[in-house]
Amino acid sequence: MRGTVLDSHFLALTAIVTVSYQLAFFIITALLKFDKVTDFAGSTNFVILAILTLALKGTWHFRQVVLSFLVVIWGLRLALFLLTRILQWGEDRRFDEMRDNLGKLAIFWIFQAVWVWTVMLPVTIVNANSGESSLQAADIIGWIMWCVGLLIEATADQQKLVFKNSPENQGKWCAVGIWKYSRHPNYFGEMLLWWGIFVAATPVLEGTEWLVIVGPIFLTLLLLFVSGIPLLEESADKRFGNVVEYKQYKIKTRSVCPSLFQLVFMFVYHTFSYFLFLLNFRYYV
């Protein structure tokens, strides 16, 4: 038996919670014209669904706990990072044309609710599972994919934030660190970690439950062709399209996925740097 009798896979429950949560923040945004909590609302929604479905099922199988924990870590990191960034930078330019257009604003929040519910499907189904199976290779592979993806996403986010906050970099595009190898490494990391979660969920999937693959597919298509990369590329082209160096950067640098060699180099280099930082921190403390 999975989930409850009326909602055996927690699909209705997670939909209701997601819509209610996003609706509350939509009302705040619409009434107060305050859009600094938009990304915070999206990221924390994942955390709520992971904890809620895990606690309601109450079986606390190892796979359920691990995947829920991974979602919580990702969601909290992203929520705090994006909230801190928008408080530093001020208004979110994405909403310049929406603040006074209730229809466009509503469409955005509806889309965000669909994004959260759909991408969370693999974890929702795992947490609704009553049976416990032994760990398989897919679990380990998925967890490794998640770790690599989170490392890339977090590193890319921090590098760009530091770059943007430096006065000497005003009016420049970010091409330092990981950004030398990919024009959108943060999106690559996010796609990789959610595909990792799907892979780690596969040992318990049966029959139509395999349709949860729509989660990572939806995220990938969203970032590649809808609200992610296309909008950022269009904005960057408007600002730097006539700059020769920028044109060369676009030609030489992959849009999303670095080459395998670059990917391995990035992982080893930044993992090693992180451990050195921890060792130095412990030494000074």
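1. Contact here means heavy atoms within 4.5 Å. Leaving aside its neighbours within four places in sequence, Asp237 is in contact with Tyr246 and Lys250.

2. This is a predicted model, in which local features need pLDDT of at least 70 and side-chain atom pairs count only at pLDDT 80 or more, while totals for chains, interfaces and linings use all residues. Residues are numbered from 1 along each chain as its sequence is written, and side-chain values use heavy atoms, with hydrogens and water left out.

3. Asp237 belongs to helix H9, residues 229-240 (helices are DSSP runs of H or I with at least four residues, numbered from the N terminus). Its relative accessible area of 32% makes Asp237 partly exposed, a class that lies between buried, under 20%, and exposed, over 50% (1.4 Å probe, protein chains only). The C-alpha atoms of Asp237 and Lys247, which are ten residues apart along the chain, are separated by 9.0 Å.

4. Helix H3, residues 62-89, has 28 residues and reaches 40 Å from its first C-alpha to its last, close to the 40 Å expected at 1.5 Å a residue (the expected span being 1.5 Å times one less than the number of residues). Just after H3, Gly90 takes a positive phi of about 100°.

5. Phe34 sits in the loop between helix H1 (11-32) and helix H2 (38-57), and at 33% relative accessibility it counts as partly exposed.

6. The structure holds zero disulfides, a disulfide being a pair of cysteine sulfur atoms within 2.5 Å. As for individual cysteines, Cys147 is partly exposed at 43% relative accessible area, whereas Cys174 is buried at 7%.

How values were computed: Helix = DSSP H or I, 4+ residues; strand = E, 2+ residues; numbered from the N terminus.
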